[in-house]
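Morning, everyone. I'll walk through one model today, from the aromatic residues to the strands. Here it is on the screen.

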Amino acid sequence: MYQVLQEEGVFHILSDGAPVFTPAGNTVRTEHKALAEKLARHLETHGADPDNRYSIALYHYPMQDFVLKYTRSRTEKVLILGFDPLNDWTLRETDIPKLHAQRWNEVFGDVRTRVDEGRAWISGLNSYQLCAAMVLGRIAESVNIPYLVAHCQSPKESNALARQIVLLRHSLGKEPLHDLFANFRFYWSL
């Protein structure tokens, strides 16, 4: 059974009274009560697998093991390098089927302007947002997708985006995009 223990403004996640650790051996903790409660619930429901696509731990473990351990510029660099047509399938014109070019641009944006927009967007993100973009970008093999989800105004809009993405990249239909996007939006809001 997972519990939340608050000590001096920090919420620690425990399992049967013992600390829970990230894959890199850091104790799982946060300053956000809502996140701590969600972590405990998700660990109880989905288990402790750090790669579970349904769990908010998928977003929080990299925060503790990577984002908080390295300089902000290093994390930004990872995202900036990803926001490039060579590394992001949504930005490669060669991946656009001729019949779907207009729809592709409606969903993913204009390749000619999106790279600059995306790179500028990265510089304004807080640490939680950088981490959320990094995790979802890795899973979707696209930093443009976190950019798009971050600009959705509601869960309904992000669910519609998930459906459009799957229509254009069928392999992502195997991913729990609705859950990934919901957890992304929660982590993004911290």
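Trp-121 is buried, at 12% relative accessibility. Buried here means under 20% relative accessible area, exposed means over 50%, and partly exposed is in between, with a 1.4 Å probe and protein chains only.

Quick housekeeping. This is a predicted model, where local features need pLDDT of at least 70, side-chain atom pairs count only at pLDDT 80 or more, and totals for chains, interfaces and linings use all residues. Residues are numbered from 1 along each chain as its sequence is written, and side-chain values use heavy atoms, with hydrogens and water left out.

Back to the rings. Rings of Phe, Tyr and Trp (its six-membered ring) pair if their centres lie within 6.5 Å; planes under 30 degrees apart are stacked, over 60 edge-to-face, and the rest tilted. That rule gives 10 aromatic pairs. Take Trp-121 with Tyr-147. Their ring centres are 5.1 Å apart and their planes stand at 85 degrees, so this pair is edge-to-face. Trp-121 sits in helix H5 (residues 111-123) and Tyr-147 in helix H7 (residues 144-150), so the pair ties together parts 26 residues apart in sequence. A word on labels: helices (H or I, at least four residues) and strands (E, at least two) are DSSP runs, numbered from the N terminus. Tyr-147 is buried too, with a relative accessible area of 11%.

What does Trp-121 form with Trp-188? An aromatic pair that is stacked, 5.6 Å centre to centre with 15 degrees between the planes. Trp-188 belongs to helix H9 (residues 177-188) and Trp-121 to H5, so here the pair ties together parts 67 residues apart in sequence. Both Trp-121 and Trp-188 are buried. Phe-83, Trp-121, Tyr-147, Phe-184 and Trp-188 form one aromatic cluster.

Next, charges over rings. The test is NZ of Lys or CZ of Arg within 6 Å of the ring centre and within 35 degrees of the ring normal. Lys-38 lies over the face of Phe-186, 4.4 Å from the ring centre.

Now the core. A nonpolar core is a set of buried Ala, Val, Leu, Ile, Met, Phe, Trp, Tyr and Cys residues joined through side-chain atoms within 4.5 Å. The largest one has 59 residues. Those with the most contacts inside it include Trp-121, Phe-108 and Ile-165. Which helix gives the most to this core? Helix H6 (residues 127-140), with 10 residues.

Look at Ile-165 in particular. Leaving aside residues up to four places away in sequence, Ile-165 touches Trp-89, Val-107, Phe-108, Ile-145, Leu-172, Leu-177 and Phe-181. Contact means heavy atoms within 4.5 Å.

Cysteines, briefly. How many disulfides does the structure hold? It holds 0, where a disulfide is a pair of cysteine sulfur atoms within 2.5 Å. For Cys-131, the nearest cysteine sulfur is that of Cys-152, 19 Å away. Cys-131 is buried at 0% relative accessibility. Cys-152 is in no disulfide either, and counts as buried at 9%.

On to the strands. Two strands pair if DSSP finds at least two bridges between them. Strand E1 (residues 2-7) runs antiparallel to strand E2 (residues 10-15), and 6 bridges join them. Val-4 stands opposite Ile-13 in E2, and Leu-5 opposite His-12 in E2. E1 and E2 form a hairpin with 2 residues between them, and Glu-8 in the turn has a positive phi of about 50 degrees.

With strand E4 (residues 29-30), E2 pairs in the antiparallel sense over 2 bridges, and Phe-11 stands opposite Thr-30 in E4. E2 and E3 also run antiparallel, joined by 2 bridges. Leu-14 has Pro-19 in E3 as its bridge partner.

Last stop, backbone angles. Most residues other than glycine have a negative phi. Asp-16 is not a glycine, yet its phi is positive, about 50 degrees. Asp-16 is found in the loop between E2 and strand E3 (18-19), and is exposed, with a relative accessible area of 61%. Glu-141 also has a positive phi, near 55 degrees. Glu-141 lies in the loop between H6 and H7.

That's my tour. Over to you.
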